[in-house]
Amino acid sequence: MERLSSFNTRLTKGLETYLAPMLLLVFVAVEFYAKFQRYVAQTTNLQQIIKGIVFIGLGSLLLWHFKKTKKLLIGILLLAVIFTIGQLSLDSGFSKENLVVFSRFLFPLVLFGCFNVYKPNAPARALLFRCFEGFLLVNFALMLWGLFTQTYVLKTYLGDRFGFNGFLITSATSTYVYLCALGYFYFKNPDSFYKKLLFWITVCSCLIVGTKTLYLGVLLFALLVFINGRFLYKRPLTLVGISALIVGIYFLFYKVPIFREIQENEGLLTAALSYRDQLLLNQTFPYIQENWSFLNYLFGGTSDFSLRSQMDLFDVLYFWGILGALLYFWAYFTAYFTFKLNRRTLFFFLLMVFAVLLSGNFFTYTSIPIYLVILREALISQRLD
């Protein structure tokens, strides 16, 4: 019994110290490998295999601490029941692809739950922050290398559109990672974040990534800083910030050729959503009308998740239905928000919601939760200091 207790103590200490940095480094490495394979027109299952192993391992840890995680595990069980009802309500039933999507939706719940049990202490948090800041610095160097050498594998997009994201695998992942990075610096040192060189390197990285959501996010972040900061002439500076946001939106959609063409041909909404509104109207809604029964509206169900709109609010409803979506959002928010929101944090997370509405794939990209954990630890560390 003493040996088991000693083993549990060492395991707990080890996971609290090294789990988050290890997951960060592993995810960055395997996703960059998958990205490289994609850019040389090859495929690999390594990313799915490793993340599947991580998912099973984290799920086992939740079960090991059943008394602490019972509430979350019951929520996951209910989600599994809802998923089963939704799929059985379709003529096509279950498929391997939908089981994979189901596990992707559950991944952040399981990961957040584990870090609610294995809470990083101060030294562990410092190690995690060093790893994250090291990643931001190295990735910036890669992005500059890609920019000056036009190295294709470091690009954000497969085509000719501008953007370089280094290690990161997709444009949406890049948007969320760098929004989390801005929040990380802001909340970790709320009174002096702008004095840190790496913060400005991160701002430059946001501009090099090339996603319009990130451009708008940077402008909204700047506005957030002005609104919540203590500045001389705050009111006129805030008006300047709002004006800059309006000018930025105008320049993006009326002067940048690729978006101007979409805006002129399809409208401003389609340009802002990168055709996601068209996907919703032309793919998602027709599938729902043709295949859904009353049960599906409550519990979801799809035989082809690729028909999603890539706007996450609609995609969660598409996969889970109304009742399932409500339960999923409840489980997600209760697992992540273990701290109270004040005005500053509320504004920032509303900015994240804005990005989710424009970019999509927030809940099913399995690398994003680790960056959200880093952001949460920055918030918690500031409140403990």
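Where in the chain is the place of Thr156? The legends below start there; the model shown is predicted.

View 1. Thr156 sits in the loop between helix H5 (122–149) and helix H6 (171–188). Its relative accessibility is 4%, so Thr156 counts as buried, the cut-off for buried being under 20%. A polar atom of the Thr156 side chain lies 2.8 Å from the backbone oxygen of Val209. Not counting residues up to four places away in sequence, Thr156 touches Tyr39, Gly163, Phe164, Asn165, Ser171, Val209 and Thr211.

**View 2. Packing of helices H6 and H8.** The crossing of the pair is right-handed. From H6, the residues in contact are Ser174, Thr175, Tyr178, Leu179, Leu182 and Tyr186. They meet Thr213, Leu214, Gly217, Val218, Phe221, Leu224, Val225 and Asn228 of H8. By residue type, the contact of H6 with H8 has nine nonpolar, five polar and no charged residues.

**View 3. Packing of helices H3 and H14.** The axes of helix H3 (residues 66–88) and helix H14 (residues 312–336) come within 10 Å and cross at roughly 165 degrees. Angles over 145 degrees count as roughly antiparallel, and H3 and H14 are therefore roughly antiparallel to each other. Their crossing is left-handed. H3 contributes Lys71, Leu72, Gly75, Leu78, Leu79, Ile82 and Phe83 to the contact. H14 contributes Phe319, Trp320, Gly324, Leu327, Tyr328, Trp330 and Ala335. The residues of this contact between H3 and H14 divide into 11 nonpolar, two polar and one charged.

**View 4. Asn361 and its surroundings.** Asn361 is placed in the loop between helix H15 (343–359) and helix H16 (368–384). With a relative accessible area of 3%, Asn361 is buried. The side chains of Asn361 and Arg308 are joined by a polar contact of 3.1 Å. Leaving aside neighbours within four places in sequence, Asn361 is in contact with Tyr176, Arg308, Gln310, Asp312 and Ile368.

Notes. Residues numbered from 1 in each chain as written. Predicted model: local features only at pLDDT ≥ 70, side-chain atom pairs only at ≥ 80, totals over all residues. Heavy atoms only, no water. Helix = DSSP H or I, 4+ residues; strand = E, 2+ residues; numbered from the N terminus. Buried < 20%, exposed > 50% of the residue type's maximum accessible area, 1.4 Å probe, protein only. Polar contact = N/O pair within 3.5 Å; in protein donor to acceptor, adjacent residues only side chain to side chain. Contact = heavy atoms within 4.5 Å. Axes fitted to C-alpha atoms, helices over the stretch in contact; angles between N-to-C directions. Parallel < 35°, antiparallel > 145°, perpendicular 65-115°, else oblique. Left-handed = near helix turned anticlockwise from the far one by under 90°. Nonpolar A, V, L, I, M, F, W, Y, C, P; charged D, E, K, R; others polar.
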